[in-house]
Amino acid sequence: AVVSTQSCLYGRGKNIQCCSCECDAVVAEMTINEIINGNDEFPGICKLIRAYMSNMMDLEFLTATRICSYISLIQKRARGDLLTTAAYLRKFVTNHPLYKKDSVVSDEMTYDLMMEVKEITNGKAVPELLGDYRDISDSRDARFRRSSHNPKSQ
């Protein structure tokens with residue numbers, strides 16, 4: 001991975017000439033897990049975000065809790081502990097009883113997939129996708145947001 005700062009590239013690895021400023025930049029290949037969660041030479045983006053947040057005096061508790069919850073979800077996905085959304089959708093299709101292993105997604109399968117997405121959006125627990133993550137928003141706010149975007153529910 002390459003991190004861009006002031007038009008120069010930084011990371012770990014070998015020195016290269018990176019730009020017109022004639023500095024020596026260090027670049028390294030990293031897995032998404034190393035970028036997010038760190039390794040022996042790089043702390044990881046999530047650790048950097050948490051350190052930044054710990055120095056923010058005006059950060060509200062609820063906001064900090066929500067951000068930490070998101071960070072934890074991202075870390076678990078980067079480690080492979082949880083499926084990404086794309087992996088979950090692929091798994092749903094390939095395990096569907098109507099799927100014939102021919103790369104064709106029928107209208108019935110599409111309908112079932114959209115119903116699954118709707119159920120997840122409305123709070124269905126899917127541990128392999130979300131783990132123990134739960135949106136900590138006030139449930140009344142969540143109901144209001146859903147109803148305000150759907151004129152039929154008002």
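**Entry 1: Cys46**

I started by looking up Cys46, and found it in helix H2. A reminder to myself: this is a predicted model. Is Cys46 buried or exposed? I get a relative accessible area of 3% for Cys46, and the cut-off for buried is under 20%, so Cys46 counts as buried.

Next I asked what Cys46 touches, not counting residues up to four places away in sequence. My list has Ile36, Ile71 and Gln75. I then checked Ile71 in more detail: Cys46 and Ile71 sit 25 residues apart in sequence, yet their C-alpha atoms are 6.4 Å apart in space.

**Entry 2: H2 against H3**

I moved on to the helix pair. Two packed helices are described by the angle between their axes and the distance between the axes, so I looked up both values. For helix H2 (residues 45-54) and helix H3 (residues 61-79), the axes cross at roughly 170° and come within 11 Å. Angles over 145 degrees count as roughly antiparallel, which means H2 is roughly antiparallel to H3.

Which residues make the contact? From H2 I noted Cys46, Ile49, Arg50 and Met53. From H3 I wrote down Ala64, Ile67, Cys68, Ile71, Ser72 and Gln75. Sorted by class, the contact of H2 with H3 has 7 nonpolar residues, 2 polar and 1 charged.

**Entry 3: H4 against H5**

The crossing of H4 past H5 is right-handed.

On the H4 side, the contact is made by Tyr88, Leu89, Phe92 and Val93. On the H5 side I found Met109, Asp112, Leu113, Glu116, Val117 and Ile120. How many of the residues in the contact of H4 with H5 are nonpolar, polar and charged? I noted 8 nonpolar, no polar and 2 charged.

**Entry 4: the loop between H4 and H5**

I then went through the loop between H4 and H5, where I found Lys101. Lys101 isn't a glycine, but its phi is positive, about 60°. Lys101 is at 64% relative accessibility, so I put it down as exposed.

Ser103 is also placed in the loop between H4 and H5. Its phi is near 65°, again a positive value in a residue other than glycine. With a relative accessible area of 67%, Ser103 is exposed.

**Entry 5: nonpolar cores**

Which residues make up the largest nonpolar core? I count 8 residues in all: Leu73, Leu82, Tyr88, Ile120, Val126, Leu129, Leu130 and Tyr133.

I picked Leu129 and listed its contacts, leaving aside neighbours within four places in sequence. Leu129 is in contact with Leu73, Arg77, Leu82, Leu83, Thr84, Thr85, Tyr88 and Ile120. Another core, of 6 residues, lies apart from the largest one, and Cys46, Met53, Ala64 and Ala78 are among its residues.

**Entry 6: stepping back**

Last, I looked at the whole protein. Its secondary structure comes to 7 helices and 4 strands. From the N terminus on, the elements run β-β-β-β-α-α-α-α-α-α-α. Of the 154 residues in the protein, 24% are buried. Among contacts between residues at least 6 apart in sequence, 38% join residues at least 24 apart.

Key. Residues are numbered from 1 along each chain as its sequence is written. This is a predicted model: local features need pLDDT of at least 70, side-chain atom pairs count only at pLDDT 80 or more; totals for chains, interfaces and linings use all residues. Side-chain values use heavy atoms; hydrogens and water are left out. A crossing is left-handed if the near helix is turned anticlockwise from the far one by less than a right angle, and right-handed if clockwise. Helices (H or I, at least four residues) and strands (E, at least two) are DSSP runs, numbered from the N terminus. Contact means heavy atoms within 4.5 Å. Ala, Val, Leu, Ile, Met, Phe, Trp, Tyr, Cys and Pro count as nonpolar, Asp, Glu, Lys and Arg as charged, and the others, Gly among them, as polar. A nonpolar core is a set of buried Ala, Val, Leu, Ile, Met, Phe, Trp, Tyr and Cys residues joined through side-chain atoms within 4.5 Å. Buried means under 20% relative accessible area, exposed over 50%, partly exposed in between (1.4 Å probe, protein chains only). Axes are lines fitted to C-alpha atoms, for helices over the stretch in contact, and angles run from 0 to 180 degrees between N-to-C directions. Angles under 35 degrees count as roughly parallel, over 145 as roughly antiparallel, 65 to 115 as roughly perpendicular and the rest as oblique.
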